[in-house]
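The tour below goes from one selection to the next.

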Amino acid sequence: MSNHTFAVYGASGFQGILVLAELARRNLTPVLVGRDAGKLKAAAAQAGMPDADLRVATLDDHTALVAAFQDADVVINCAGPFTSTGDRVIAAALAAGSHYTDTCGEQPFLQHVYETYPAAAESAGVTIVPAATDGGIPGDLLAHLLGERLGPLAELTSIHRFGGETAMSRGSLRTMLGIADAMTDGGLAYLDNAWRPGPFDPPAPVTLPGAAEPVAVAPFPLQEPVSVPRHVSVRTVRGMVEDSTRALFATPLTNEMIESLPVGPNDAQRAAGTWTIVLDAVAESGRRARGVISGPDTYGTTARTAVEAAARLATTPASAGVLAPAQAFDPADFLAALAPFGVHWTIEDH
Ligand SMILES: NC(=O)c1ccc[n+]([C@@H]2O[C@H](COP(=O)([O-])OP(=O)(O)OC[C@H]3O[C@@H](n4cnc5c(N)ncnc54)[C@H](OP(=O)(O)O)[C@@H]3O)[C@@H](O)[C@H]2O)c1
């Protein structure tokens, strides 16, 4: 077991338990933190670590949260929706001097973290890398490799696709409910060197890998428009999903409907699920390239990605501040670490 300690806040959630299991698989030391002692105990048992260190701390109790994180090298925050919980966990991580990462998929909160915490993180000597998920890290790292290949970019379009049943956890559905406005108007895009909120003009259809015909796509609040301009020379970054995916995500849901669903996808649904990120880049020179990265099981990939990010923050610290994935980690090396899980990427002239 390494001598580093990883505090998981929201350890009792669907994603939190997968993160615990990944820490156990890598023989890394977890501390389970959350608001409910009974749920933490059950989570430890489910993740195969019945003797793990459990610490109860509610979000309202800053002192208890800081104490819970005090000896943690890194806090991995899995307690979404982050728009309502994230600030208090970050404040405690900063006070405890622990590096911070999370499983946030909320574009508005991601932008908030990049804008709010750089000075506090620098003075605390802490590195914050938000959104260490299947949606937040692979596309950001691949965009950096595209930028290295093509030079300054005029335009980058990221399209996230999901295969299989796209079964989501209750936590993901609750989170999506909280950012319904951003999902309706497309969220933020980076247009001509500035972040701008939607609504946007409908984009042109795109011919996706393996397809003969172009399909309709829609603006969507993805992570790349927020993170990529922080490390790639690029004038415009847009996020999209296929129209059919946006329609699926736009299905009206109530809290009552969400609570009646299973806590998350079962093992068979997870095994059947896939994710793909297509990055179409146009260089200032006019050269074009397409990067494609894909993998299985969004929640399993997120557990791998969040723990890989946390382990790197613990062992090879990056500079203090709020960093995009490609600022904190070597892109090709990080992606190579995900390959045994089935994450593969290509970049081709287009
Ligand atoms: N690609 C992506 O964008 C991506 C991928 C994976 C996950 N995620 C995000 O990860 C988050 C977690 O998902 P999940 O499926 O694990 O959700 P979940 O099963 O509902 O778990 C949420 C966890 O957060 C805790 N929590 C929530 N509100 C809290 C509060 N006010 N105070 C203290 N603890 C609180 C819960 O504690 P209790 O158990 O005590 O209720 C639970 O441990 C979601 O926001 C999801 O969108 C994003």
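Which residue forms a salt bridge with Arg-312? Select Arg-312 and Glu-308: the two form a salt bridge, and their closest N and O atoms are 2.6 Å apart. This is a predicted model. Both residues sit in helix H14 (residues 298-315), and because they are four residues apart there, about one helical turn separates them. Arg-312 is buried, and Glu-308 is buried as well.

Side chains of opposite charge can pair when their charged atoms come close. Over the whole structure, a search finds 17 salt bridges.

Next, select Arg-287 and Asp-349. Their side chains meet in a salt bridge, with 3.4 Å from N to O. The partners belong to distant parts of the chain, 62 residues apart: Arg-287 is in the loop between strand E12 (274-283) and strand E13 (288-296), and Asp-349 is in strand E15 (residues 344-349). Are these residues buried or exposed? Arg-287 has a relative accessible area of 36%, so this residue counts as partly exposed. Asp-349, at 53%, counts as exposed.

Move on to Arg-174 and Glu-259, whose side chains form a salt bridge of 3.0 Å, N to O. This pair also links distant parts of the chain, with Arg-174 in helix H8 (residues 170-178) and Glu-259 in helix H12 (residues 255-259), 85 residues apart. Arg-174 is partly exposed at 29% relative accessibility, and Glu-259 is partly exposed at 39%.

Keep Arg-174 selected and show the ligand. Arg-174 is among the residues that come nearest to the ligand, together with Ser-12, Gln-15, Ser-169 and Thr-175, out of 27 residues around the ligand. Which helix gives the largest share of this shell? H8 does, with four residues. The shell holds seven nonpolar, 15 polar and five charged residues.

- Thr-175: a polar side-chain atom lies 2.7 Å from an oxygen atom of the ligand.
- Asp-134: a polar side-chain atom lies 2.7 Å from a nitrogen atom of the ligand.
- Gly-13: a backbone N or O atom lies 3.0 Å from an oxygen atom of the ligand.

The protein buries 86% of the 930 Å² that the ligand exposes when taken alone.

Last, colour domain 1 (5-132 + 302-332) and domain 2 (138-298 + 340-349). The ligand lies between these domains, because both give residues to the shell around the ligand.

Definitions and conventions:
Residues are numbered from 1 along each chain as its sequence is written. This is a predicted model: local features need pLDDT of at least 70, side-chain atom pairs count only at pLDDT 80 or more; totals for chains, interfaces and linings use all residues. Side-chain values use heavy atoms; hydrogens and water are left out. A salt bridge is a side-chain nitrogen of Lys or Arg within 4 Å of a carboxyl oxygen of Asp or Glu. Helices (H or I, at least four residues) and strands (E, at least two) are DSSP runs, numbered from the N terminus. Buried means under 20% relative accessible area, exposed over 50%, partly exposed in between (1.4 Å probe, protein chains only). A residue is near a molecule or strand if one of its heavy atoms lies within 4 Å of it. A polar contact is a pair of N or O atoms within 3.5 Å; within protein, one must be able to donate a hydrogen and the other to accept it, and residues adjacent in sequence count only if both atoms are side-chain atoms. Accessible areas come from the Shrake-Rupley method with a 1.4 Å probe; for residues, only the protein chains shown count as cover. Ala, Val, Leu, Ile, Met, Phe, Trp, Tyr, Cys and Pro count as nonpolar, Asp, Glu, Lys and Arg as charged, and the others, Gly among them, as polar. Domain bounds come from an automatic or database domain assignment.
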